[in-house]
Amino acid sequence: MGKKITLVLQTKYGSNSVFWLYNRDGDRINGGRWVESDNDCWDSKLPDEIISSPEIKKLSTNIMKKYNSLFTLNEKGDKFKYIGFENKQIEDKYRQKVAELREMVYKRCGDKYEILDYLY
C-alpha cells in the first residue's frame, strides 16, 4: 500500500512555510502558512516529525524569509520581479541551508511520507 500523504518542499513567493501537504487524491491539506497564534506555532496539520523540531522550524523560516527577499513588488503591489542574491557568498549560504533542511526532513519523514522536493 502506498504512502497516504505527500509532503512537498517548495518555495513560493509570499509564503512563510516551505511545507505543503497533499492527501492521496492530490487535494491540498495545508500549505504555505503557519497557524496564527500568540506563540507563532506551526500549521497544526503538519506531521509531528516536523512540528516537533525547532531546528526545522528555524531553518525553514530563515529560508522563506531569504527567498521572499529575492523579489520586489511594484508600487501597486500587483506585480513582482526577481532581484536575486546580493552576492555569490550569500547565495551559497542560502543553498547550504536548503541542503541542510532537505537532509533533516528526509531523515525524519522519508520513510513515512512521499516527499517531492522543489526547493530553490
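Tyr-82 counts as partly exposed because its relative accessibility is 44%, where buried means under 20% relative accessible area, exposed over 50% and partly exposed in between, using a 1.4 Å probe and protein chains only. Phe-71, by contrast, counts as buried because its value is 15%.

This is a predicted model, so to speak: local features need pLDDT of at least 70, side-chain atom pairs need 80 or more, and totals for chains, interfaces and linings use all residues. Residues are numbered from 1 along each chain as its sequence is written, and side-chain values use heavy atoms, with hydrogens and water left out.

**Aromatic rings**
- The count comes to six aromatic pairs, taking rings of Phe, Tyr and Trp (its six-membered ring) with centres within 6.5 Å; planes under 30 degrees apart are stacked, over 60 edge-to-face and the rest tilted.
- Phe-71 and Tyr-82 pair edge-to-face, at 5.5 Å centre to centre and 65° between the planes.
- That pair links Phe-71 in strand 4 with Tyr-82 in strand 5 (residues 80-82), 11 residues apart; strands are DSSP runs of E, at least two residues, and helices runs of H or I, at least four, numbered from the N terminus.
- Ring pairs join Tyr-13, Tyr-67, Phe-71, Phe-80 and Tyr-82 into a cluster.

**Helix 2**
- Among the buried residues of helix 2 are Ile-56, Leu-59, Ile-63, Met-64 and Tyr-67.

**Confidence**
- The protein chain averages a pLDDT of 84, on the predictor's per-residue confidence scale from 0 to 100.
- Mean confidence is lowest in strand 3 (residues 28-31), at 74, and highest in helix 3, at 95.
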